[in-house]
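Please keep the display open while I talk.

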Amino acid sequence: MSPIFSIIVPVFNVEDYLEEAINSLLEQTYNDFEIILVNDGSTDLSGEICKIYARDNNKVLLIEQENKGVSEARNIGTKYASGQFIYYFDSDDILDENSLSYWYYIFKNTNADVVLFEGEPFGVNCKNLNYRRSKGHYNKILKSNEFIYDSKVDSTYTPQPCLFVVKACIAKKNIFYPKIIHEDQLYYAKLLLRDPVNIYVSPGAFFKRRVRAGSIMTTIKSDKNFLGYERVLREILLDDKILNNKKAVHLIINDLIRQICNIAIEVDGGILSLNKRISLFNIFWMVFKSKRLSKTCFLCVFPELKRFR
């Protein structure tokens, strides 16, 4: 019999944190779930730890692949998921023991397609991180496109997949873009804007995010960040179904342009390379052709001008 929840966990070189993360899943008060561990070519003891859990617990399925990145790991996990609802969990974090029980109650008693919730960071240099939702959205069913617009306006836009759980029939229609970072930004827009769904916003901070040295959040910005955000913006501009949500997309495009230009200046030290200038101009041209030009878009032509920020 298929489980209610499938929890998909990409694993790569997290031997110091993996057991605590998996144990937080196995200790859930609601027990109708499966855990899909995707070992993404780990070179430390993470793979062996995964094998032990898969051997000793029938709730745990292990998939092993060569290193392809977190997007491909999530995608293969989604392919094998058999639950009614899918949750993407990071292999160095912690989940509150009552999470699945609460999510099941919401799905059973409302018409929600996606349940969103809050998170709490812990670890190094995490004081400025915020995984809070707007209090005005708490305990409400909202249309996802309206929610995206509101969360952009009130600066509570949090696209990380560890902060929501979604019906499998919806999750399986979407994939994470491979081989880039900031893939969450694109996935979130596709999930909630291509075909707007019903979302429920919980005030509960079920997810505990570990902030550690060497993670994407604490690593110095590089060309990978620039290329990741650039790809996200290009894919959004090429997706007519996303672009139909004019109010929300306008704010998303402007924020992505700011991110791209700020990273370009940070990485290149204030004097942009020719390749980055060409990339930024191409983005400007794509926005122009999509008829979504705004003052912020001129940053792509003049990224050093703060008055457009």
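Does cysteine 50 count as buried or exposed? At 0% relative accessibility, cysteine 50 counts as buried, where buried means under 20% relative accessible area, exposed means over 50%, and partly exposed lies in between, with a 1.4 Å probe and protein chains only.

Before I go on, a word on the source: this is a predicted model, in which local features need pLDDT of at least 70 and side-chain atom pairs count only at pLDDT 80 or more, while totals for chains, interfaces and linings use all residues. Residues are numbered from 1 along each chain as its sequence is written, and side-chain values use heavy atoms, with hydrogens and water left out.

Back to the cysteines. A search of the whole structure finds zero disulfides, a disulfide being a pair of cysteine sulfur atoms within 2.5 Å. For cysteine 50, the nearest cysteine sulfur belongs to cysteine 162 and is 18 Å away. Cysteine 297 is in no disulfide either, with the sulfur of cysteine 300 as its nearest at 6.4 Å, and cysteine 297 also counts as buried, at 0% relative accessibility.

Let me turn to the strands. Helices (H or I, at least four residues) and strands (E, at least two) are DSSP runs, numbered from the N terminus, and two strands pair if DSSP finds at least two bridges between them. Strand S1, residues 5–11, pairs with S2 in the parallel sense over seven bridges, and within that pairing leucine 37 in S2 is the bridge partner of valine 9. Strand S2, residues 33–40, also pairs with strand S3, residues 60–65, in the parallel sense, here over six bridges. On that side, isoleucine 35 stands opposite valine 60, and valine 38 stands opposite isoleucine 63.

How is the chain connected between these strands? S1, helix H1 (residues 18–26) and S2 make a right-handed β-α-β unit, and the path from S2 through helix H2 (residues 46–56) to S3 is likewise a right-handed β-α-β crossover. Right-handed here means that, with the strands pointing away from the viewer, the path from the first strand over the helix to the second runs clockwise.

Why is S2 described as largely enclosed by the rest of the structure? The reason is that eight of its eight residues are buried. In a regular strand the side chains alternate between the two faces of the sheet. In S2, Phe33, Ile35, Leu37 and Asn39 point one way and Glu34, Ile36, Val38 and Asp40 the other way, and all are buried.

Helix H7, residues 183–193, is mostly covered too, with eleven of its eleven residues buried; among them are Glu183, Asp184 and Lys190. In the loop between helix H6 (168–171) and H7 we find histidine 182, whose phi is near 65°, a positive value in a residue other than glycine. Most residues other than glycine have a negative phi, and most peptide bonds are trans. Histidine 182 is buried, at 17% relative accessible area. Lysine 291 has a positive phi as well, of about 60°, but lysine 291 counts as exposed at 77% relative accessibility.

Now the charged side chains. The search finds 20 salt bridges in the whole structure, each being a side-chain nitrogen of Lys or Arg within 4 Å of a carboxyl oxygen of Asp or Glu. Glutamate 20 forms one with arginine 210, the closest N and O atoms being 2.7 Å apart, and this pair links helix H1 with strand S9 (residues 198–211), across 190 residues of chain. Glutamate 20 is partly exposed at 40%, whereas arginine 210 is buried at 11%. A further salt bridge joins lysine 179 and glutamate 72 at 3.6 Å, N to O, linking the loop between H6 and H7 with helix H3, 107 residues apart. There is also a network of salt bridges that links Arg74, Asp90, Asp93, Glu183, Asp184 and Arg209.

I will end at the surface. Phe281, Trp285, Phe288, Leu293, Phe298 and Phe302 form a nonpolar patch with about 560 Å² of accessible area together. Patches are made of residues with over 30% relative accessible area and no salt bridge, like charges being joined within 9 Å and nonpolar side chains (Val, Leu, Ile, Met, Phe, Trp, Tyr) within 5 Å; accessible areas come from the Shrake-Rupley method with a 1.4 Å probe, and for residues only the protein chains shown count as cover. Phenylalanine 288, in helix H11 (residues 274–289), is partly exposed at 41%.
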